Amino acid sequence: MEDRKKKLKDRFAKWRLLSIDELGKVVNLLIGLSIATLGYQINFLVDESYSYRGQKFLFILSLTLIFGAIVLGLITSFNRLIDFRWTSQLLKMKMNEESNDDIKEFKARIDKVGERTWYLFSFQIATFGVGIIVLTAFFFHRYILC
């Protein structure tokens, strides 16, 4: 029974590391896609021959949402760095055998930062997704309806 628990614990640690790694990759991917989309939209602003033809609201809304996705991605990455730093400090506290109350209090703070990372990530995905949907509606209105 003890051997089974150890195997499960090892598998949990492995999958935990993989999920942390994948989170970073997806956050970076969304930042990259958002920057590319924002660049594409800015190209429309620079193009002097372009006229909005009444779709200005959709364009500005999409531009704002995509920019928001970039900001949320950067905040998420910064929040993850804080989480990693504090986790290493927690391990240092445990090695130095500091009081259990201090360790528990610090661990609770780290857990809140970890939760915040996942909320920020969810908002980043939602903001990017809605921004792309609005941009698609903009192009649909511009090229198909007009």
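A residue counts as buried under 20% relative accessible area, as exposed over 50%, and as partly exposed in between (1.4 Å probe, protein chains only). By that definition Lys107, with a relative accessible area of 37%, is partly exposed. The model is predicted, so local features need pLDDT of at least 70 and side-chain atom pairs count only at pLDDT 80 or more, while totals for chains, interfaces and linings use all residues. Residues are numbered from 1 along each chain as its sequence is written, and side-chain values use heavy atoms, with hydrogens and water left out.

Lys107 has a salt-bridge partner in Asp111, with 2.9 Å from N to O. A salt bridge here is a side-chain nitrogen of Lys or Arg within 4 Å of a carboxyl oxygen of Asp or Glu. Both Lys107 and Asp111 belong to helix α3, 4 residues apart, about one turn of the helix. Helices (H or I, at least four residues) and strands (E, at least two) are DSSP runs, numbered from the N terminus. Asp111 is partly exposed, because its relative accessibility is 38%.

The structure holds 4 salt bridges. Among them is the contact between Asp21 and Lys25, at 3.4 Å from N to O. These two residues lie in helix α1 (residues 2–46), 4 residues apart, about one turn of the helix. Lys25 also bridges to Glu22, where the closest N and O atoms are 3.6 Å apart. Glu22 and Lys25 are separated by about one helical turn, because they are 3 residues apart in helix α1. Asp21 counts as partly exposed at 38% relative accessibility, as does Glu22 at 38%, and Lys25 is partly exposed at 46%.

Aromatic contacts come next. The structure holds 9 aromatic pairs. The ring centres of Trp86 and Phe106 are 5.9 Å apart and their planes meet at 45°, so this pair is tilted. Rings of Phe, Tyr and Trp (its six-membered ring) pair if their centres lie within 6.5 Å; planes under 30 degrees apart count as stacked, over 60 as edge-to-face and the rest as tilted. The Trp86–Phe106 pair links distant parts of the chain, with Trp86 in helix α2 (residues 56–95) and Phe106 in helix α3 (residues 100–145), 20 residues apart. Phe106 is buried, because its relative accessibility is 11%.

Trp86 has a further contact: the charged end of Arg109 sits over its ring, 4.6 Å from the centre. A charge sits over a ring if NZ of Lys or CZ of Arg is within 6 Å of the ring centre and within 35 degrees of the ring normal. Elsewhere, one aromatic cluster is formed by Tyr40, Phe44, Phe59, Phe138 and Phe139.
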